[in-house]
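Have a look at the model, then read on.

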Amino acid sequence: MTVDSSDNDLSPTIETVGWVGSAQNGCVRLIDQTLLPGMFTRIDCQTVDQVWEAIKMLRVRGAPAIGIAAAFGALLGARSQGTESIESVRSALHDATAHLRTSRPTAVNLFWALDRMDRTVEAEASRLSDPSALLERLLTEARAIQDEDRAMCRSIGRFGAELLKPGQGVLTHCNAGGLATADYGTALAVIFSAAEQGKSVHVFADETRPLLQGARLTAWELQRRGIPVTLICDNMAAQVMKEGRVQAVVVGADRIAANGDTANKIGTYSVALAARAHDIPFYVAAPSSTFDLSLPDGASIPIEQRDPREITHGFGYATAPEGIEVYNPAFDVTPATLITALITERGVIRPATREAIRDLIGS
Ligand code: MRU
């Protein structure tokens, strides 16, 4: 793995993860998000194991970005057993996608993107005779996943901005910004798009324990784009709502079941409950790739359990007694009944019912 920390000259949007070089010799380049906001560093992954580790350790994170990283990672895997024959590329690609599927369980975008890579190799392996042409085709597919996500984020932003009014306070949880997607984000796309339309809003960013994606990433993204933002601890959200500072909540999603139940970063459910108690609209912004219509409801969404040390040693030293029992689910599920609307690239689903979701997403 090589590292480049020289480039902090970002365009208005951020390329979180991408492919550099040719299909035969290139690699996956990604921003190491574990180092933000202190260090802006891009790392190059040359092997599928390095991409797996980057996903597992949250160097690249956020549902759509995980899917994009995995798609490019699958290409690294495809050429790992030699590129002499179509069959070696085909079987290596399947090995790589199977391995990448074990990195994180909750965000369905990972599986959605890997399914696309699997389907592509199956469709093209019988048609093509040149292994390098097959690698090219796999790169084209991974790039398409990235490009489509970029377009979906812009569209989510446009639909979502219609729901905000100038001067509103908007609370968000975790990071669903450019860092979590191809660029521009989902929940933050709504805020960026509103700002571009001249509707200035003030964001309250939950810091998002235990890994502080809100403090480290959302606050950083909003600050560098000049959007007014106030950082709060997670346990302050209800009080900030009671004080009348918040008129809307917008969050992202990792997986949305057929009935609208939504898995997102742990703590989202509490925010939704607090929003309902204060009669504040609670919006979930997500692309169609985040919907999993094979699951009837949120009860069957797999929830990732993470290392207890993220809670006991999250600040680099022990903040709890040695040997303490810890529970560390990375996500929770917000019931559809608490969601005012789902903002997708195809339009706004309001209310979030099984029928409305099927009509917009199920085709
Ligand atoms: O554990 P993370 O940082 O990958 O969790 C990310 C989230 O929960 C985001 O809100 C979600 O993936 C949506 S990103 C557009």
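Aspartate 254 has a polar side-chain atom 2.8 Å from an oxygen atom of the ligand. Keep in mind that this is a predicted model.

| Residue | Atom on the protein side | Distance to a ligand oxygen |
|---|---|---|
| aspartate 254 | polar side-chain atom | 2.8 Å |
| lysine 265 | side-chain N or O atom | 2.8 Å |
| glycine 62 | polar backbone atom | 3.0 Å |

On its own the ligand would expose 420 Å², and the protein buries 99% of that. The space the ligand takes up is the largest cavity.

So who's around it? The ligand has 18 residues around it, and Arg61, Arg104, Asp254, Asn264 and Lys265 come nearest. By type, the shell splits into eight nonpolar, six polar and four charged residues. Domain 1 (2-153) and domain 2 (158-361) each put in at least three of the shell residues. Helix 2 (63-78) and strand 10 (262-265) each supply at least two.

Now for the backbone. Leucine 36 and proline 37 are joined by a cis peptide bond, with omega about 5 degrees. Proline 37 sits in the loop between strand 3 (27-31) and strand 4 (42-45). Arginine 209 to proline 210 is also a cis peptide bond, with omega near 5 degrees, and proline 210 lies in the loop between strand 6 (202-206) and helix 7 (213-224).

Leucine 58 is worth a look too: this non-glycine residue has a positive phi, near 65 degrees. You'll find leucine 58 in the loop between helix 1 (48-56) and helix 2.

Note on methods
Residues are numbered from 1 along each chain as its sequence is written. This is a predicted model: local features need pLDDT of at least 70, side-chain atom pairs count only at pLDDT 80 or more; totals for chains, interfaces and linings use all residues. Side-chain values use heavy atoms; hydrogens and water are left out. A residue is near a molecule or strand if one of its heavy atoms lies within 4 Å of it. A polar contact is a pair of N or O atoms within 3.5 Å; within protein, one must be able to donate a hydrogen and the other to accept it, and residues adjacent in sequence count only if both atoms are side-chain atoms. Accessible areas come from the Shrake-Rupley method with a 1.4 Å probe; for residues, only the protein chains shown count as cover. On a 1 Å grid over the protein atoms alone, a cavity is a set of points where a 1.4 Å probe fits but cannot get out, and a pocket is an open set with protein on both sides within 12 Å along at least five of seven lines; lining residues have an atom within 4 Å of a point. A molecule sits in a cavity or pocket if more than half of its atoms lie within 2 Å of its grid points. Helices (H or I, at least four residues) and strands (E, at least two) are DSSP runs, numbered from the N terminus. Ala, Val, Leu, Ile, Met, Phe, Trp, Tyr, Cys and Pro count as nonpolar, Asp, Glu, Lys and Arg as charged, and the others, Gly among them, as polar. Domain bounds come from an automatic or database domain assignment.
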